[in-house]
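Below are my comments on the model, as numbered points. Please read them with the structure open.

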Amino acid sequence: MIEVLPLTKDRVIALRMANMISEAEIDRCADTIGPLLNDERRDFLLLDWSELEGWEAGAKSVGTQFGMKSWASVVRIAILAEPKWEDEQARIADVFRAATVRRFPPSQRDKAMAWLTAEDAPPAP
């Protein structure tokens with residue numbers, strides 16, 4: 001399941017991904033958030049993976065294709081996830097090449113939002 005969270009406003013797009021993610025869910029999400037991204041400004045992405053189990057076969061490829069089309073407008077990505085998702089953090093950073101990507105424990109949502117929206121956010125460690 002992919003859900004657009006109420007935190008989505010202004011330049012922040014917040015998504016919660018839970019359970020197993022399918023290609024169809026990635027497509028629906030792309031249709032929803034695609035119009036929110038704006039090439040004339042720089043956007044921030046919050047990915048809440050605290051309840052994520054993984055991706056069904058093919059879903060990562062569809063997500064990567066969407067990311068490669070949208071990468072230039074996203075400058076900072078905060079991922080709320082356990083350490084087991086560190087490899088995926090690296091994949092997200094590779095897809096969204098203009099963005100600084102940082103992972104936060106799920107309990108640090110406020111810290112992640114503060115980093116995400118800070119005027120001069122520090123680089124990812």
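1. Phe 104 has a relative accessibility of 1% and therefore counts as buried; buried means under 20% relative accessible area, exposed over 50% and partly exposed in between, with a 1.4 Å probe and protein chains only. Trp 115 is also buried, at a relative accessible area of 4%.

2. A word on the basis of these values. The model is predicted, so local features need pLDDT of at least 70 and side-chain atom pairs count only at pLDDT 80 or more, while totals for chains, interfaces and linings use all residues. Residues are numbered from 1 along each chain as its sequence is written, and side-chain values use heavy atoms, with hydrogens and water left out.

3. The rings of Phe 104 and Trp 115 form a tilted pair, because their centres are 5.8 Å apart and their planes stand at 50 degrees. Rings of Phe, Tyr and Trp (its six-membered ring) pair if their centres lie within 6.5 Å; planes under 30 degrees apart count as stacked, over 60 as edge-to-face and the rest as tilted. Phe 104 belongs to strand E5 and Trp 115 to helix H4, eleven residues apart, and the pair links distant parts of the chain. Helices (H or I, at least four residues) and strands (E, at least two) are DSSP runs numbered from the N terminus.

4. Which residues of helix H4 (residues 109-117) are buried? They are Ala 112, Met 113, Trp 115 and Leu 116. Seen down the axis of H4, these buried residues fall within an arc of 165 degrees, so they line one face of the helix; the arc is taken over the directions from the helix axis to the C-beta atoms. They pack against E2, E3, E4 and strand E5 (100-104).

5. The largest nonpolar core has 25 residues, and Trp 49 and Ile 77 have the most contacts inside it. Such a core is a set of buried Ala, Val, Leu, Ile, Met, Phe, Trp, Tyr and Cys residues joined through side-chain atoms within 4.5 Å. At least two residues of this core come from each of strand E2 (12-21), helix H1 (23-33), strand E3 (43-55), strand E4 (74-80) and helix H3 (86-95). E3 gives the most, with five residues.

6. Leaving aside residues up to four places away in sequence, Ile 77 touches Leu 45, Leu 47, Ile 92, Phe 96, Ala 99, Thr 100, Val 101, Arg 102, Trp 115 and Leu 116; contact means heavy atoms within 4.5 Å. A second, separate core has twelve residues, among them Ala 14, Ala 78, Leu 80 and Ala 112.

7. How many aromatic pairs does a search of the whole structure find? There are four. Trp 49 sits in strand E3 and Trp 85 in the loop between E4 and H3, 36 residues apart. Both are buried.

8. Trp 49, Trp 55 and Trp 85 are linked into a cluster by ring pairs. Arg 91 lies over the face of Trp 55, 5.7 Å from the ring centre; the criterion is NZ of Lys or CZ of Arg within 6 Å of the ring centre and within 35 degrees of the ring normal.

9. Two backbone angles deserve a look. Asp 10, a residue other than glycine, has a positive phi near 50 degrees; Asp 10 lies in the loop between strand E1 (2-4) and E2 and is exposed at 70% relative accessibility. Phi of Asn 19 is also positive, near 65 degrees. Asn 19 is in strand E2 and is partly exposed, with a relative accessible area of 39%.
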